[in-house]
Amino acid sequence: MNAAIARFSKNSYERTGLRDIAADVGVDVAYVHRCFGSKERLFSEALRASAHVAQHLDVPKDRLAGSLANIVLSGRARRHQALDIFIHSVSSAEAQPILRRFVLDQVIDPLSERIEGPSTTRAALVAALLVGTAIFRHVLRIKPMLETEGGELEELIASAIQGTIATTDGEAMPGELESACQ
C-alpha cells in the first residue's frame, strides 16, 4: 500500500503501473493483482489509506468544524499524499470516476450524516472549501494561506465550515462556534 501511495502521489493514474508498484516492493505483479484485484481498486484503496478522512469525522459534533479545518493546515506529510494523488489524476478520464466515488463515499456522504439535516449539498460545499484551500496552500503556495495550524486562518476556515454545516434555520448548534477551533 505504501508503494502504491508513493507512486500515485508522484505520477498520474495513467503513468502508474502495477508492475512498477510491485517492483518497488520486490513482489510479482500477480501478487498485487491477487491482493487488490485491479489497478482501479488499488488506486481507490491508496486514496482512502492516505486521506484518513474517518478520523476527522469521528469527533464530537462541537469539534467537527475545527477538525476539518485542521486537515488542510496540519503539517503531517501523509495527509498531503491524498491531495497529491487527487491532483495528479484529476484530469484523467479513467481516474475521474474513482475520484468521484471516493469523494462521495468517503467524504461527502459520511460528512452529510454528521450534519444536522443531513445535507449532501452542504457536505459537498465543505469538501470543495477544503480541497480549494489545500490547493491554494500546498500547490500554489499562496502566501496568506501558508499560516501554520492554530492561527487566524484555521479559525476562519472552521468558521466558514461551521456556517455551512449549521442547521438549516441559520442557527448554529449550541457551543459549536465557540469550540470549533479548540
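Me: How many residues are in α4, and what should they span?

Reply: α4 has 13 residues, and at 1.5 Å a residue they should span 18 Å. The end C-alpha atoms of α4 are 18 Å apart, which agrees. The expected span of a helix is 1.5 Å times one less than its number of residues. A helix here is a DSSP run of H or I with at least four residues, a strand is a run of E with at least two, and the numbering starts at the N terminus.

Me: What sort of model is this?

Reply: This is a predicted model, in which local features need pLDDT of at least 70, side-chain atom pairs count only at pLDDT 80 or more, and totals for chains, interfaces and linings use all residues. Residues are numbered from 1 along each chain as its sequence is written, and side-chain values use heavy atoms, with hydrogens and water left out.

Me: Back to α4. Which of its residues are buried?

Reply: Lys 39, Leu 42, Phe 43, Ala 46, Leu 47, Ala 49, Ser 50 and Ala 51. Buried means under 20% relative accessible area, exposed over 50%, and partly exposed in between, using a 1.4 Å probe and protein chains only.

Me: Why would residues three or four places apart point the same way?

Reply: An α-helix has 3.6 residues a turn, so residues spaced like that end up pointing the same way.

Me: What comes just after α4?

Reply: His 52, with a positive phi of about 55 degrees, although His 52 is not a glycine. His 52 sits in the loop between α4 and α5. With a relative accessible area of 29%, His 52 is partly exposed.

Me: And Arg 141, where does that lie?

Reply: In the loop between α9 and α10. Arg 141 is not a glycine either, yet has a positive phi of about 55 degrees. Arg 141 counts as exposed because its relative accessibility is 51%.

Me: New topic. How many helices and strands are there in the protein chain?

Reply: 11 helices and 0 strands. Of the 182 residues in the chain, 44% count as buried.

Me: What share of the contacts comes from residues 24 or more positions apart?

Reply: 66% of the contacts with a separation of 6 or more. A contact means heavy atoms within 4.5 Å.

Me: Is Ile 108 buried or exposed?

Reply: Buried, with a relative accessible area of 9%. Ile 108 belongs to helix α8. Beyond its neighbours within four places, the contacts of Ile 108 are Val 103, Thr 120, Ala 123, Ala 124 and Ala 127. Val 126 is 18 residues away along the chain, and its C-alpha atom is 8.4 Å from that of Ile 108.

Me: What about pockets? How much space is in the largest pocket?

Reply: About 480 Å³. The lining has 24 residues, and Ala 51, Val 53, Ile 71, Val 107 and Val 131 lie nearest the centre. On a 1 Å grid over the protein atoms alone, a cavity is a set of points where a 1.4 Å probe fits but cannot get out, while a pocket is an open set with protein on both sides within 12 Å along at least five of seven lines; lining residues have an atom within 4 Å of a point. Points are joined across faces, edges and corners, and the volume is the space filled by probe spheres set on them.

Me: Which element gives the most to that lining?

Reply: α9, with 6 residues. The lining divides into 19 nonpolar, 4 polar and 1 charged. Nonpolar covers Ala, Val, Leu, Ile, Met, Phe, Trp, Tyr, Cys and Pro; charged covers Asp, Glu, Lys and Arg; the others, Gly among them, are polar.

Me: Last one: where is Glu 155?

Reply: In helix α10. Glu 155 counts as partly exposed, at 48% relative accessibility. Glu 155 and Gly 66 are 89 residues apart in sequence and 7.7 Å apart in space, C-alpha to C-alpha.
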